[in-house]
Amino acid sequence: MLLSAIPNCNSRLISPTVNQEKGNQRDETQWVNPQRQIKFLQRLTPSLFAAFVALSPIITPPVGSYAEAIDVQRGASLFGHACIGCHVAGGNIIQPGATLFLKDLQRNGVDTEEEIYNITYYGKGRMPGFGEMCTPRGQCTFGARLKEDEIKLLANFVKSQADQGWLNIGNGGD
């Protein structure tokens, strides 16, 4: 049976049993309670639906958006490595008024990708710069520097997350 091939599956729709009365062996098929079948299918339904949606050609994004999806993933990854230490879920553990939420970005005059790029590259106030050519030395990170295209991806990611209210980022990072 298909169900008996599923590992760790205790529910079987049909359970073959062998009856040994007085030395006679005969094969009896025993039907499982219909309520048990329904419960099993109810537990299985979310997994099957998720697999259907994931593999459905209707859900597949158009070819042009694959590059965008990759850029978002790269931006999220860069954010997770370079920024999340201070900016967990768009917040700011060092300076609470300088979060990455749109209202704070607007209040601080940093609400465009270009302005986010400049601050990420050169730093400002307590935030160090991450650009390869960042100067002065004391304003820049002592850690690994980011390339220009990485900072552009990062600025794009931060701006898009700010516009969405940081809904896609949890406290765990990337």
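1. Ring pairs join F79, F157 and W166 into a cluster. Rings of Phe, Tyr and Trp (its six-membered ring) pair if their centres lie within 6.5 Å. The model is predicted: local features need pLDDT of at least 70, side-chain atom pairs count only at pLDDT 80 or more, and totals for chains, interfaces and linings use all residues. Residues are numbered from 1 along each chain as its sequence is written, and side-chain values use heavy atoms, without hydrogens and water.

2. The whole structure holds five aromatic pairs. In one of them, F79 and F157 have ring centres 5.7 Å apart and planes at 50 degrees, so the pair is tilted (stacked is under 30 degrees, edge-to-face over 60, tilted the rest). This pair links distant parts of the chain: F79 sits in helix α2 and F157 in helix α5, 78 residues apart. Helices are DSSP runs (H or I, at least four residues), numbered from the N terminus.

3. F79 and F157 are both buried (under 20% relative accessible area, 1.4 Å probe, protein chains only). F79 touches I84, H87, L100, L154, F157, V158 and W166, leaving out residues up to four places away in sequence. Contact means heavy atoms within 4.5 Å.

4. α2 and α5 pack at about 95 degrees, with axes 8 Å apart. Axes are lines fitted to C-alpha atoms over the stretch in contact, and angles run from 0 to 180 degrees between N-to-C directions. The two helices are therefore roughly perpendicular (65 to 115 degrees). Residues in this contact include F79 and L78 of α2, and L154 and F157 of α5.

Technical notes: Angles under 35 degrees count as roughly parallel, over 145 as roughly antiparallel, 65 to 115 as roughly perpendicular and the rest as oblique. Buried means under 20% relative accessible area, exposed over 50%, partly exposed in between (1.4 Å probe, protein chains only).
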